[in-house]
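Visitor: Please take one chain of this assembly and examine it closely, ending with the side that meets its partner.

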Amino acid sequence: MPNREITYAEALREAIREEMKKDPKVFLLGEDIGIYGGSFGVTQGLIEEFGPERVIDTPISEIAIIGGATGAALVGMRPIAEIMFFDFMTIGSDQLVNQAAKIHFMFGGKAKVPMVVRAPAGSGTGAAGHHSGSLESWFAHVPGLKVVAPSTSYDAKGLLKSAIRDDNPVVFVEHKLLYKTKGQVPEEEYYIPIGKAEIKKEGKDATVIGYSIMIPRALEASKILAQEGIDIEVVDIRSLRPLDTDTIARSVKKTNRAMVVYEPPRFGGFGAEISAWVGEELFDYLDAPVVRLGGEEMPPPYNPNLERKIVPQIEDIVREIKKLVG
Amino acid sequence: MLSLEDKLDMYRKMYLIRTFEERAEELYMEGKIWGTFHLYVGEEAVAVGACYALRADDYITSTHRGHGHCIAKGADVKRMMAELLARDTGYCHGLGGSMHIADVEKGNLGATGIVGSGIPIATGAALGCKLQNNDKVVLCFFGDGAANTGAFHESVNMAAIFRLPVVFVCENNMYAMSFSVKKAFALPDIAERAKGYGIPGVSIDGNNVLEMYETTKVAVERARQGEGPTFIEARTYRWKGHSKSDRQSYRTKEEVREWMSKDPIKFLEKYLREEKVGEEELENIKKQVERDIEEAINFALESPEPTLEEARRMVYA
Ligand SMILES: Cc1ncc(C[n+]2csc(CCOP(=O)(O)OP(=O)(O)O)c2C)c(N)n1
Ligand SMILES: [Mg+2]
C-alpha cells in the first residue's frame, strides 16, 4: 500500500492518539487544548475522543502545568503537557529544570518522571519577541532532560511515541513553520528511538548538521548547490540530547568539512556544542574549520523583513557552503 | 467631577479605539498587517474610564490586548498604526509590533505577550515610585486569564504588604482564549480574591465608562495617599475572536449578541443625548476620529521600515 501524506501536526496527533488508546496512564494537559484544539490545532478532536478527564484544559498557569505533569508522573501517570509557545517554558522552568530533570538522580534512582513537554518554537510567523523563541539550547544543557526536535511528519510521529514511552522528562520542540508541512507516514505503527540522527541526504563535499526547520532549508539549499556541482550531506540530529555523535562522525569523516546550522542566536546556541565536539574529536579529518551558521544576537523582531534576516535561510546556507567548499 | 467636556472627550477616545481596531482588522484582511493581534472592541470603557482617573504623569502597564490602553493613555494613533505596519516611525521602530507597544513618555510602560507578566512590572514600578517619593500611581491592566498566573499571586501580595501605589484592574471579558471564567475560577467574582490579600476589591460594570472612572478614581486616590493597592474587577466582553485565528467554537452567537447589545459606546452616547448633546456634535466627533485614523494609516503606509543595523543597536542600551 502506498504511504499516506499527512501534516506534521496530524502526525503528532496520531502519535498522541495511539499512545492514549494503548495506555490509560497517558493524558494531556495544557491551555486551550480541548475544544479549541490547541493553538496550532495539534490536539483537535482529542477531547471528543477521550473526554475532559484525559484532555485537560488548564488556566494560564505554566508552573502548575509543568509541575502538575511532574507530580502526576511521579505517582505513575504519563502526562503530555502542552505549553502554548516555547517562550512560556521559561515560566514553568523551575519545575522542569530543578524538579523533573533532577528527581531521578537526587532521589537516588528511587523515583522517575516519565513525561513529555511539547511546545511550538521558532520565528517566521510575525509573532514578535514573546512568541518566536527557540530556547531548545537552554534545555539541552540540562542533564536529566532529553530534548527532541524533529523535522518531518514521519520523525515527529515516531519520536513523539518514543518520548511518551520514555521514563524521563522529554522536551519536544515543534517548529511552527513545520506544522502544515506534509510528509509520508505509514499506516503501521512505528517508533523512532530518541538519540538517533538520520542522514536526510547523502553527499560528499561537506556535511550540514542541523535539526527542525533547518533540515528542509538545508535540503532546498542542497538542490541549488547541486546545480553548481556541490554535493552536500545533510545530517538531521533529531535529538539534541542525547546526541548521536556516531552519525555525525561517520559523515564528517567522509566529507571532511562541516557546517552546523541552527535558528537560535549563534552565541552559545546548541550548534556551538556540535561544533566544539567535531573540532575536538574529528580535528584530524577536517580540511577547514567547522562553520557555525546561527541566528543574529537579538530578540525576534516584529518587522517581517528583519524577522527573516535574523534566522538562517536557504540562501545563507548556500552562501556559507560555497565559502566552506570553495 | 467630570465636566461635559470630559465626557465628550471620553466618547471621542472610545470611538477612536473602536475605529482604530476596526480599521486595523481590515488592514490585516488586506494583508497589510502581519502576524496577529488582539482586538479591544467592546472593552473600550475599561481603558478610557480607568485612564481618565490618572494624572498624565502616572503610569500604566498593558497587555497583549493593549491598543485600547495605549490610546486611553494618550498615545498618537499614527505611531501606533506605524508599529502595526512594522515601520520605523512606530512606537517601537517596528521591532515590537502590536503585542509590545510602549509609549514611555506618556507613562505607558508597555504591552506584553506573556500573560500575567505586566503584574510584577507594575508592582515594581509602584515600588520605584514609592522609593522616589514622586507621588505617582501605577495602574495595572490584566485579564481574567492573567489572574490565574503565579505572577499575579506573588505581585498582588507584595504590593499589599508593601502598601504600594498600584491599582490592579482586572479586565474580566469572560474568557481567556477559549477558557471561560466559569471554568477557570471556583469563585463567582474574581474581586473576592482581594480579601485573601487584605486589600479592597470591587466588581463593577466595565461597560459603564462613568462607573469605571468613579471606581478607579477612589482607588487611585487611595494609592496616592499611601494606603496601598485596590483590586478592581471590570466586567466586560470581547466582541471579536481572541486573536486572528480563532474559530470561536467555545461560545454561542447568542451570547456574543447579548453582550453586543450592551455596547459601551452606545451606553455613553445615550447618556450624552440625555445631557442634551446634539446629534451633530456626536457626528462631528466621529467624523474627526475617522479622519484621524485614515491619516494614521497613510502616515504608516508612507513610512520607511527599520534596518538591520538599527535593530542591532537596540539590543543593548
Ligand atoms: C504565559 C502565557 N501563557 C499563555 C499565553 C497564550 N495566551 C495569550 S492571550 C491568552 C488569554 C489571556 O486571557 P486574559 O488574561 O483573560 O486576557 P484576554 O485575552 O481575555 O484579554 C493566552 C492563553 C501567553 N501569551 N502567555
Ligand atoms: Mg479574558
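Guide: In chain B, contacts (heavy atoms within 4.5 Å) between residues at least 6 apart in sequence join residues at least 24 apart in 74% of cases. This is a predicted model, in which local features need pLDDT of at least 70 and side-chain atom pairs pLDDT 80 or more, while totals for chains, interfaces and linings use all residues. Residues are numbered from 1 along each chain as written, chains are lettered from A and ligands numbered from 1 in written order, and side-chain values use heavy atoms, without hydrogens or water.

The C-alpha trace of chain B spans about 55 × 50 × 40 Å along its principal axes.

Turning to the partner, chain B brings 38 residues to the contact and chain A 35 residues. Together they bury about 2900 Å² (accessible area lost on being put together, 1.4 Å probe, summed over both), and carbon and sulfur atoms account for 63% of this area. On the side of chain B, W34(B), I114(B) and M177(B) contribute 23% of the area buried against chain A, more than any other three residues.

The interface also holds one salt bridge (a side-chain nitrogen of Lys or Arg within 4 Å of a carboxyl oxygen of Asp or Glu) by the rule. Its partners are R312(B) and E296(A), whose closest N and O atoms lie 2.5 Å apart.

Notes. Buried area = accessible area lost by both parts, 1.4 Å probe.
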